[in-house]
Amino acid sequence: MAERVSPVVRGRRLAAELRRLRGAAGLNIDQVAARLECSTAKVSRFENGQVTVRIQDARDLLDLYGVTGARREDLLALVRQSRAQAWWHEYAGMIPVATQTFIGLEDEAYRIQAYNMGLMPGLVQTERYAYEINFSSTDTSLEVVERQTRLRIGRQQILTRPDPALLHLVIDESVLHRQIGAPEVMAEQYRHLIAMSELGNITIQVLPFKAGAHQGAAYSYNIVSFADPADPKIVYVSLLGETLFRTDAEQVGRYNAAFEQAAAIAMDPDASVGFLASLAEPVH
């Protein structure tokens with residue numbers, strides 16, 4: 001089975017490896033910059049994953065750190081993977097860099113846990129629902145709305161490809177009652193959620209109003225996990241005009257605890273499907 005490869009995830013791993021190798025070599029950033037005759041900012045950007053690393057720069061760093069043999073070739077392969085052009089590249093001009101980063105993380109995810117309030121999670125939106133959301137932006141042209149919708153639907157292939165990502169959703173009941181588009185758009189969305197819940201890699205739970213307060217009630221967030229232990233979990237929080245990534249283990253643990261609490265008080269998957277079915281029934 002083909003290995004999932006995302007330039008964003010591989011770049012993140014490369015940055016961590018470069019930090020580790022510098023530390024193992026007993027060098028600080030100023031010393032590395034002096035040896036390579038470049039700015040400290042350049043070295044720092046490499047280690048923070050803020051820029052892609054060129055092959056020649058990588059070779060110079062590996063020479064400095066004394067990395068040879070198979071280990072060297074593995075790291076140079078990682079550089080090439082981090083520089084590859086991703087499938088979402090054609091949409092890069094219309095979405096923020098942070099969103100591109102999240103799509104890249106999502107693309108190689110092993111598991112995604114998401115709590116949503118306000119709107120349906122993007123990975124399970126129907127095309128018509130997604131279009132209505134994108135169309136609601138008052139400063140976006142129709143052409144961009146259509147492209148944004150295609151991008152959102154394109155992201156969903158991670159759920160149906162061979163070796164699909166695992167997805168666990170806890171959806172606040174308010175999401176299901178918010179009318180997006182015409183009633184038939186919502187009915188289609190309910191049926192789509194039911195169909196998605198039948199896939200073995202997807203778990204959907206509805207958090208009812210009667211469940212009461214919980215520690216993550218005011219936020220929507222995604223916790224992304226990866227198959228390789230070299231890639232630690234990351235939390236993605238999307239705000240109006242701002243995107244936050246949480247990578248600190250303590251912060252990630254806090255979000256993970258909030259998600260587990262929400263899942264514990266939500267309807268179980270079977271009851272959630274029954275609730276969705278009741279919403280999908282036509283009103284006479």
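D231 and R13 pair in a salt bridge, with their closest N and O atoms 2.5 Å apart; the term covers a side-chain nitrogen of Lys or Arg within 4 Å of a carboxyl oxygen of Asp or Glu. D231 sits in the loop between β4 (221-225) and β5 (234-239) and R13 in helix α1 (residues 7-24), so the pair ties together parts that are 218 residues apart in sequence. Helices (H or I, at least four residues) and strands (E, at least two) are DSSP runs, numbered from the N terminus. Both partners, D231 and R13, are buried, meaning under 20% relative accessible area with a 1.4 Å probe, protein chains only.

A word on what you are looking at: this is a predicted model, where local features need pLDDT of at least 70 and side-chain atom pairs count only at pLDDT 80 or more, while totals for chains, interfaces and linings use all residues. Residues are numbered from 1 along each chain as its sequence is written, and side-chain values use heavy atoms, leaving out hydrogens and water.

The structure holds 13 salt bridges, including these:

| Pair | Closest N to O |
|---|---|
| D231 and R13 | 2.5 Å |
| R72 and D63 | 3.0 Å |

Returning to R13, you will find R13, D228 and D231 linked in a network of salt bridges.

Methods: Buried < 20%, exposed > 50% of the residue type's maximum accessible area, 1.4 Å probe, protein only.
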